[in-house]
Amino acid sequence: RRAAAVERRIAAMVRASALVLVLATGLLCAGSLLPLVAAQDNATAAGDEIPSSAPKNFENLSEAQTALREKLLTNYDRGAQPPYVPPEDEDGENATEAASEPTLVEVGINFHRVLDVDVVRSEINLLVWMRFIWTDERLAWNPDDYNGLDKMWFWVEDGAGLSETSEIWTPDLELWNMKESIKKSFSNSFASVSSDGRVFWSRPGHLNPVCKFRGLSDFPFDKLSCVVEIGSWSYSGKYLRLKPFEYAGNDGFSIGGSETSGEAFTEFKLDNVTAELVIYPPYPADPLADWPVLLYTISFERSWQPYIRGYLVSQMIFNVIGFACFWLPVQSGERLALAITAMLSAVAADLVVVSKLPSAAELTWMQKFSLMSQVFAAYCVLEGVVISYFYFQTASDLVPAYLRLIFSGVRRRHPSGSRARKRKDKTGSGVNLAASTDTEASFGSGVSELEDSANSSDNHFRAPSLRPRDADDFQHRRQIKNNAYWKRWATTIDDISRVVIPTSYVVIVAIFLAQVA
């Protein structure tokens, strides 16, 4: 019993000692916390923010990126638009009265170079860098919590956030007048996200619109312009708004910026770009939904020098060669051959130019010039034919032989013809058929020639001017006299053509060049 009593006394003493120790420890801890509580009260009174937990330190940047990516993409819905963040007022606070405003997307295009301008198909191919900028508050974070990491990159594939491997939401901006969708003609790339949630998505690729060209009427001295239309295909103005991205003093665009940009030894060069925000009215089915689009007016300057060297000068040379026919003698068979060759050369040159233009009702400057050139070339050929006809003409007039035969047949059936035959039978004279021309003057004096040549030819009804013969193969003096008369006409036409045609050509060419000077 004594031993049990001693044990109970010892246990009581131990419990009492432990209690005293606990109380002493509590008093010490309370005394050490008093300065911290006082500092906290002072900080609260000053309005400073007290962190709920100390920032976690990562061993390297890769661990910080992994942790941040996991945090941002957890429960992130790529199909939902970013939440609206109202702009700050003058006091630095965000307004809260409008919590459902559309997402604002800034659009910028850097024009790298012109690859192709096809006026026949009304298409262009441009190498550009497409840039979209918007704010997604779901992707914002505090850089101090992640070793100062202030930028992240998220993958976007097939130009859409809902692609299988895409990680964030992207606006569905599309080329409205497209030949090829920008989702296919632009490469896949990462979207850069800042710590405040601002997303910058830039991609290189080809811009392939179908154009309604303006300025083609002055070809080849034209400055073509094409309007490119970019806007959202699914989201109306109630959900998405557009704004030109301001860069280097330009709204919505920039030109060049690298050593490989620009053109050299090409037909077309980029001349000017303008961007304009246009809002189309709502459809009747949704009267509150307008459709904002950005219109880029792109101007191109054509290199006209090759057309001057290769086509315009050639046309003029061919016309001058055609005019040289006016100085060649008619007896020379090369006169018509040269005129025809010059005309065919002008037509061939025109066909090459036409292949570079669309088959349209409108006429360009070059087509008008080619048409004028062909008219002059055709005149040279026709003038040579007329001169040759007059030069070898021996008839007293230009009535064709077949008309003479027709008129002669009509005369034989006319009563006056019967009376003439009766008088001829009564006289019984052996007057040859040429004497009847005195009563047939109204049908042309060439009938006498036709009858005079009846005995010297096996074909009475062929006019002397149409018989195959040499230049000076005349049957009698009347033909020589008639031929001299028609040669004077041929010489007069040649003399007039030598002066009037080249002078007219020079004046018309000067008028054409003045239009594009």
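**View 1. Burial and overall make-up of the protein.** Of the 517 residues in the protein, 36% are buried, in a model that is predicted. The protein contains 10 helices and 13 strands, and it exposes about 30600 Å², of which carbon and sulfur atoms supply 58%.

View 2. The mean pLDDT of the protein is 81, and 76% of its residues reach 70 or more. Over residues 43–53, however, pLDDT stays under 50, and the model has three contacts beyond four places in sequence for this stretch. Residues 426–466 also have a pLDDT below 50, although this stretch has 48 contacts in the model beyond near neighbours in sequence.

**View 3. The antiparallel pairing of strands S3, S5 and S6.** Strand S3, which covers residues 151–156, pairs with strand S5, residues 189–194, in the antiparallel sense over six bridges, and within this pairing Met152 stands opposite Val193 of S5. Strand S5 is also paired in the antiparallel sense with strand S6, residues 198–207, here over three bridges, and Ala191 has Trp201 in S6 as its bridge partner. Strands S5 and S6 form a hairpin with three residues between the strands, and in this hairpin Gly197 takes a positive phi near 90°.

**View 4. The open four-strand sheet.** Four strands form an open sheet with antiparallel pairing, in the order S4-S7-S13-S12. Strand S4 (173–175) and strand S12 (268–280) each have a single partner strand and stand at the edges, so one side of each is left without a neighbour in the sheet. From one strand to the next, the twist averages 25°. Strand S7, residues 223–232, and strand S13, residues 291–302, pair in the antiparallel sense over nine bridges, and the bridge partner of Leu224 in S13 is Phe300.

**View 5. The disulfide of Cys211 and Cys226.** The count of disulfides in the model comes to one, and this disulfide is formed by Cys211 and Cys226, whose sulfur atoms are 1.9 Å apart. The torsion about their S-S bond is about -80°, so the disulfide is left-handed. The pair links distant parts of the chain, with Cys211 in the loop between S6 and S7 and Cys226 in strand S7, 15 residues apart.

View 6. Cys325 is in no disulfide, and the nearest cysteine sulfur, which belongs to Cys380, is 6.0 Å away. Because its relative accessibility is 1%, Cys325 counts as buried. Cys380 is likewise in no disulfide, with the sulfur of Cys325 as its nearest cysteine sulfur at 6.0 Å, and with a relative accessibility of 2% Cys380 counts as buried. A disulfide requires cysteine sulfur atoms within 2.5 Å, which is why the sulfur of Cys380, 6.0 Å away, leaves Cys325 in no disulfide.

Note on methods:
Residues are numbered from 1 along each chain as its sequence is written. This is a predicted model: local features need pLDDT of at least 70, side-chain atom pairs count only at pLDDT 80 or more; totals for chains, interfaces and linings use all residues. Side-chain values use heavy atoms; hydrogens and water are left out. Helices (H or I, at least four residues) and strands (E, at least two) are DSSP runs, numbered from the N terminus. Buried means under 20% relative accessible area, exposed over 50%, partly exposed in between (1.4 Å probe, protein chains only). Accessible areas come from the Shrake-Rupley method with a 1.4 Å probe; for residues, only the protein chains shown count as cover. Two strands pair if DSSP finds at least two bridges between them. pLDDT is the predictor's confidence in each residue, from 0 to 100. Contact means heavy atoms within 4.5 Å. Axes are lines fitted to C-alpha atoms, for helices over the stretch in contact, and angles run from 0 to 180 degrees between N-to-C directions.
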